[in-house]
4 protein chains.
Amino acid sequence: MIILLKKNTDDKKIKYLTGKLSALRLTTKLTEGENLNVLSVIGDTYGVDEESIKALDFVVGVKRVSEPFRLVSRKRNPKDVVIEIGDKKIGGGYFGVIAGPCSVESESQIISLAEKLSKIGVTALRGGAFKPRTSPYSFQGLGEVGVQLLVKAKKETGLKIVTEITDARQLDLFTDVDVLQVGARNMQNFELLKEVAKTNKPILLKRGLSSTVEEWLLAAEYVVSSGNKNVILCERGIKSFDSSSRASLDITSIPTVKELSNLPVIVDPSHASGNAKTVKPLALSAAAVGADGLMIEVHDEPSLALSDGAQAVTTKELSDIYKNVKKILPITGKTIN
Amino acid sequence: MIILLKKNTDDKKIKYLTGKLSALRLTTKLTEGENLNVLSVIGDTYGVDEESIKALDFVVGVKRVSEPFRLVSRKRNPKDVVIEIGDKKIGGGYFGVIAGPCSVESESQIISLAEKLSKIGVTALRGGAFKPRTSPYSFQGLGEVGVQLLVKAKKETGLKIVTEITDARQLDLFTDVDVLQVGARNMQNFELLKEVAKTNKPILLKRGLSSTVEEWLLAAEYVVSSGNKNVILCERGIKSFDSSSRASLDITSIPTVKELSNLPVIVDPSHASGNAKTVKPLALSAAAVGADGLMIEVHDEPSLALSDGAQAVTTKELSDIYKNVKKILPITGKTIN
Amino acid sequence: MIILLKKNTDDKKIKYLTGKLSALRLTTKLTEGENLNVLSVIGDTYGVDEESIKALDFVVGVKRVSEPFRLVSRKRNPKDVVIEIGDKKIGGGYFGVIAGPCSVESESQIISLAEKLSKIGVTALRGGAFKPRTSPYSFQGLGEVGVQLLVKAKKETGLKIVTEITDARQLDLFTDVDVLQVGARNMQNFELLKEVAKTNKPILLKRGLSSTVEEWLLAAEYVVSSGNKNVILCERGIKSFDSSSRASLDITSIPTVKELSNLPVIVDPSHASGNAKTVKPLALSAAAVGADGLMIEVHDEPSLALSDGAQAVTTKELSDIYKNVKKILPITGKTIN
Amino acid sequence: MIILLKKNTDDKKIKYLTGKLSALRLTTKLTEGENLNVLSVIGDTYGVDEESIKALDFVVGVKRVSEPFRLVSRKRNPKDVVIEIGDKKIGGGYFGVIAGPCSVESESQIISLAEKLSKIGVTALRGGAFKPRTSPYSFQGLGEVGVQLLVKAKKETGLKIVTEITDARQLDLFTDVDVLQVGARNMQNFELLKEVAKTNKPILLKRGLSSTVEEWLLAAEYVVSSGNKNVILCERGIKSFDSSSRASLDITSIPTVKELSNLPVIVDPSHASGNAKTVKPLALSAAAVGADGLMIEVHDEPSLALSDGAQAVTTKELSDIYKNVKKILPITGKTIN
């Protein structure tokens, strides 16, 4: 960390600052510049609150040169985190495909779909029960019943299940759920992150629609620092000025995350595009860029879907995507297990 | 609402759609175009789920021509909502100034500040107790103790208090809080919105960092449709590509909201700029553009602030802002009460 | 095109509007709604100036339902445009790789690089001579001399050459240049677009940093409507709020462009990432998503590069990218020729 | 400037770098850190090309601590630049109001408007002759004839005139134009900037739609370093994810520019909002935030305007804005002359 100080700052003030830093086991070196002085902070600065230093009246600026996270950092933990979902894996060379409907709608829908997906060989079944919707007048999901239907599909097919939790008070209903999803809108719902961490189940953490990669990794750091190292990151597109697609899939975030962190990162092409036709090309690009998996919305009657039907592919299309992804994986050194 | 249909769509399919719409008491008229047909939907369409219509295989696009909200719409409810906070008011010609520290830090800090602010004549005292922070290693606020100190400051000075709630399970601690703030990161935490609505207290709803005005008003609609019409909107800047300020204060959102909704809307110049020097000009611009109030961070020793000290103004600076805002208000037809 | 009219609009005013439209050979149908009336415009509306219709005091809004472009539209021209660069092709199943240094720096640099690139088999050699730089104090390129060195490299190796033009007055210097590049900053420099079109050479049109896909295609429409149908689009990343990469490569724009237009579209992973390590994964993702080619910065001593060295890959790395891209192309039905 | 170096970097390499820097009359000091070393560069670093340093294989990062511009910097040139337009002034306490139609359309239109504006007391008349339009099918302005009509209006009324230049080859036509406008799309058309600078006329430099404040000031630095210190900056809104207004007026950029630069900065509320109703509140907010002036589109028959009519106010509305702005100016210490 580099702290820029005004020229002619009173020695007492500098001592106040260096004292605060040395309490965090950090040492400092001062270099006099032409217009300002530079205080180089040596040691592990992840715990330094930049804001409180910036507020000092003799500080001109603060520039971090190392990452503000620690537990999810690849520099400190070079080995890939591998997440186990039943006997399947995501991360460390294992590529996972999570698939299912945007919303669980009925027993017959979810079970017939689960059976087809099981045959294709997907890693886990996804389905929304508690749905965060922009409008209070849109379908809000089946809630508790939706979770129960997913659990039923799990019993019938053996597929592990992934579903979104939107409030800590729902946790009791998620006992039989295998992977807890925290949605884009809740990425910085820190109370929720701390609570889901306690379950020690894998947490699928979607990137917020306007979150930087650093903010996303700090959200993951909340989960890991609460004692749960099982985090799967999920890129699903960011907001941009262009409405030609629903969101802008930030494909570059995948290699960026891979360099900064040892957590696995998967891609959700369905929410990024909002358009079923674009799901296949985006899925292939995600495989080629080095992602650790995909999460894809599937519905065999998209026109009847109660939410987001426009972006759902059919099981037949998923099967085609699956085959083509498999052709690409050897290039990135990954396998579907 | 305009629904664009493929040419040569089967009559049965169109009937399926118009049947669905007529169940919502909507009528339709079909116009044949050159490349596609246009189905004009007549009636009150706020409750129509666009996504499920877009998913139909014969639908090319859906264009809303009226607003997707109803209870917060000025068209339907032309009269300004006026929020009462004790014997002070915000909205309908009343301009409010909410001020206080980013975080409650100690009894002496909050009480001495509250006394000074009371003399200036502010509408209410703000202070953070539960602080959502990007990093788990930053100061997270005093939590319950912080709320209790605010309540003490209220008893000492008579000032009504505003503080942020970050999880529905905290509600019991907020009994003596006058205005519940829902922060930018929780603007689409719909479970929280529904719970705070039940208190029937005024809800200060900050705009999400990447939320459109429409999404913001729909979040307000969640509160109002849960039975609580006391919503104060608060613009606090949106994310942009330019890091020359902390956020980009979207000043245009104020007249836009005023046109679309009858809810009061205030501006938080402190979080928008992240820089104490810019707070005054932004506050004046907010008064001039027609906002219904301001929320400003104040700290008499910004250098010692535990969070966001760089953007806090002193009580002396606040007093100067207050005086200058008063000079502008006659131009927009508002008064501070 | 749908035009929303105020209820109770005077018949004369409506006649004025429908008269204007019928002069453009468009017919109209009026549907009365509850809160406003809908005028459906039937026919070819690309030439209608939305702004002037929106300005009419009885018009509430204008919604385009067909594209505002015509000559670059796939709907009207389903067949892929194939661009010929010497005996190589880009588009219509042909995948091109354009490579070379950010800036031409010296004769030895460009010729030795061109020889290596020729062996790898690239489609064309790129190199900057006129460099648009954010700061007037940065290296501005060798200008005319740079173009001459490129032409020399062309003579030595037979490689066709691509370089950027930044002002119409430079055209005389570009006689021996095979492909004229219009850079991101000049995408909406319409005077330049009209001038380069006259050469009838292939125009490589980079997407502006904050241009929508529609604005990009309209810029291409400027070139084509000036009589030159040889346009290659080039996606090079858009501005976002996240500085973790130099720009955000908008991978979704590739399938979007493919659906809307019959022009070939290639990807520049170098400028998008600004980081040599990320160029390979982004190049592979571009191949997998269905792009028609790549433009990659190469430098064998990136540390000595006069501009943008941080993002240049070596010829050895390019050769590796080339091999891996070839493995992916069969999946998207493309070949390198 | 701070340069971050890898630990254990070879001494020879460091000497290569420090040698390069000392050739620019810069001295350096090295501080050893835990994970990397810090090279503090002391002296005037505006001319250092960051990119070429970043490209060095032993450099981890470069952080600028002083501004990359020099001639437009307030630190170096504390005194406000005052621009003279005839006997009127903008900057240094003088507030200017530039007004006129989006496009010059006819002699009667521009002359009758100029007469009315002259009575109101505006600083200068604006009007578009060469219009950069997104679509080639939109009205492109009257070109040379438009400029001539403006000159005629100037002769009739004595009002100085402002109009946009879109290509260096048009310069001969602008002899009698008083202020040359460089539009948002051409803000980084560096060839044009260098050419218009040579006229030594005031240059009205609009901010690019996705340009940072730093990029904007560097564009101004191109003009000033080409020998013309007469630059007026003009904020006109930036691109955002929200389409509720045409652009997002970045009101914070005004105090930011004022702090960084001594150039005058005005606001164009018309293009920012795209909606005549919002022009007044935005104009008032610009006056209150400390801008040095306004540029407003005026048209007495907006419905017949050939471009951007929706955002034009009438002369009567302008007169009302003018009166209210005058009431605000004493607060910011400015006067209209």
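How many residue pairs are in polar contact between chain A and chain D? The count is 2, with both at pLDDT 80 or more; a polar contact is a pair of N or O atoms within 3.5 Å, where within protein one must be able to donate a hydrogen and the other to accept it, and residues adjacent in sequence count only if both atoms are side-chain atoms.

A word on the model: it is predicted, local features need pLDDT of at least 70, side-chain atom pairs count only at pLDDT 80 or more, and totals for chains, interfaces and linings use all residues. Residues are numbered from 1 along each chain, chains are lettered from A in the order in which they are written, and side-chain values use heavy atoms, leaving out hydrogens and water.

**View 1. Chain A meets chain D.** Each chain brings 19 residues to the contact (heavy atoms within 4.5 Å). Together they bury about 1,500 Å², 69% of it on carbon and sulfur atoms (accessible area, 1.4 Å probe, lost on being put together and summed over both parts). Thr31(A), Val65(A) and Phe241(A) supply 27% of the area that chain A buries here, more than any other three residues.

**View 2. Asn8(C) in its loop.** Look between strand 1 (2–6) and helix 1 (11–22) of chain C (DSSP runs: helices H or I, at least four residues; strands E, at least two; numbered from the N terminus). Phi of Asn8(C) is near 60°, a positive value. Most residues other than glycine have a negative phi. Asn8(C) is exposed, with a relative accessible area of 75% (exposed means over 50%, 1.4 Å probe, protein chains only).

Conventions
Buried area = accessible area lost by both parts, 1.4 Å probe. Buried < 20%, exposed > 50% of the residue type's maximum accessible area, 1.4 Å probe, protein only.
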